[in-house]
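Please read this briefing alongside the sequence and the structure.

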Amino acid sequence: MAVDTKLTKTPYRKEKYTEAQLTELARCANDPKYFMREHCYIQHPTQGRLKFDLYNFQDELVDVYHKNRYSISMLARQMGKSTCAAGYLLWYAMFNPDQTILVAAHKYAGASEIMQRVRFAYETLPDFIRAGVTSYNKGSLEFDNGSRIIAQSTTENTGRGLSISLVYLDEFAFVRPNIAKEFWTSLSPTLATGGKCIITSTPNMDDDQFAQIWRDSLKNQDEFGNETATGINGFAHYQATWEAHPDRDEDWAEVELGKIGEERFRREHKCEFIAFDETLIDSIRLANMEARDPYATAGQVRWYAPLAKGKLYMIALDPSLGTGGDNSAIQVYQMPGMKQMAEWMHNRTTVQGQIKILREIAQYIESETNNDCEIYYSMENNTLGEAALVTVEEQGEENFPGTFLTETRQHGNARRYRRGFTTTHKSKISACAKLKHWIETDKLEIASKPLLRELKTFIARGNSYSAKDGENDDLVMSLVLIVRMSMEVSKYEESAFEYLNDDFEDDDGMEPMPFSLL
């Protein structure tokens, strides 16, 4: 394509350099920070074009980029990380021949913004410093030394087919988890063959791909307890919170806290892993909750605590088709105490197989407690639940230890009985309100890491709650059924009633729950 020589330098042009220019070029080639300070300009949002005078933390950040093959940096919002990255990537491309640099952001607009900063810095360089350009597009920039910078959004296939020398991942924590996992899986072989990787982001979820890489980078001690330069995954880590910015002080923090609230301030400026969306459970509460690994597994059933005699056990099934789409899920809780005992989840087990697993869990509880316990089991009876009910009849209810629990519903002057639990908008909202209250008042235990993860993505949608796009809520919905079962059981079991009694005295005012004006 034609190149605008007013903005770019003509490629492959022979030039004469003065001795001073050659000395300056050598200093730039050997030191990216010198190059950025002495020759790069940035666009300040209020002050316009400025010389790039690196803050102290930016100085440290560039060192982390430059001195490590892999680096991950967790930074507060609006700290100039994109500007830093643009300056370093420009230096890397111009002074390292035959490099392919990939800039990937969770949205293409983010990658384009970084490329715009790269172009601005390039256009304002002295002509004797900058390399000649062979292609100058919005999404790519190619130099006459064979190096190029390419901007893309992060998808499962980003970077495929490219021989990547350096990949820069911007706001990686905000890439959808399933995409981030697939992308990282496809990228890893490229990095293993010599590629360089720079990751920067503010935090989001505490168990997404970014968080996993971050935590592994913190494990930087060898077997003798000596500190190593990088974590067990080879990544060096760096963190800068709002205090590192020289233009921010306690007065600024107080004003910002008042504008955006504690949750967002702690996440965006103090770099704490707190859920971004309006979650059912308070996001700060979720950030402070700790789940644990199962103490035992039986097939695909994860057990989180040993069974005890003389207790009451509830088993709830949220069924699915079992064809690879939604998961079917089972939760097992112990009362009194609402203690999570076990869970199971799978998306390819048939309805018949789901009921078989439920029965086996009940039989295991009965066996381990020598039949010294109370067992209640149930399932949702909407749509697919009908098939589950038929399967219980086919397998013979007499073969299931315990009692099949059915929700009693008042209809006029008569009570209607239908096996299992029917989920309506009203019953879901009511049970979600109970679940929120019980978790936030420590009445209900969350032991499972997968369940805790689902709760962190179980968000307000209109006048209800469900999983955010790309996430699942099957474990949560089976837990919601446990909540409804416990409310029913408390009508018959004194121990359950006593434990939950304070919650049944006043059902009003436990919300607010979501609502919509539309």
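Which residue in β15 does V332 stand opposite? V332 stands opposite A342 in β15.

This is a predicted model, in which local features need pLDDT of at least 70, side-chain atom pairs count only at pLDDT 80 or more, and totals for chains, interfaces and linings use all residues. Residues are numbered from 1 along each chain as its sequence is written, and side-chain values use heavy atoms, with hydrogens and water left out.

**Strand β14**
- Strands (E, at least two residues) and helices (H or I, at least four) are DSSP runs, numbered from the N terminus.
- Strand β14 (residues 328–335) has 8 of its 8 residues buried, so it is largely enclosed by the rest of the structure; buried means under 20% relative accessible area with a 1.4 Å probe, protein chains only.
- In a regular strand the side chains alternate between the two faces of the sheet.
- S328, I330, V332 and Q334 are buried on one side of β14, and A329, Q331, Y333 and M335 on the other.

**Its partners**
- Strands pair if DSSP finds at least two bridges between them.
- β14 pairs with strand β13 (residues 311–318) in the antiparallel sense over 7 bridges, and Q331 is the bridge partner of A316.
- β14 and strand β15 (residues 339–346) also run antiparallel, joined by 7 bridges.

**Helices α13 and α14**
- The axes (lines fitted to C-alpha atoms over the stretch in contact) of helix α13 (residues 449–456) and helix α14 (residues 474–489) come within 8 Å.
- They cross at roughly 95°, and α13 and α14 are therefore roughly perpendicular (65 to 115 degrees between N-to-C directions, on a scale from 0 to 180).

Definitions and conventions
Angles under 35 degrees count as roughly parallel, over 145 as roughly antiparallel, 65 to 115 as roughly perpendicular and the rest as oblique. Buried means under 20% relative accessible area, exposed over 50%, partly exposed in between (1.4 Å probe, protein chains only).
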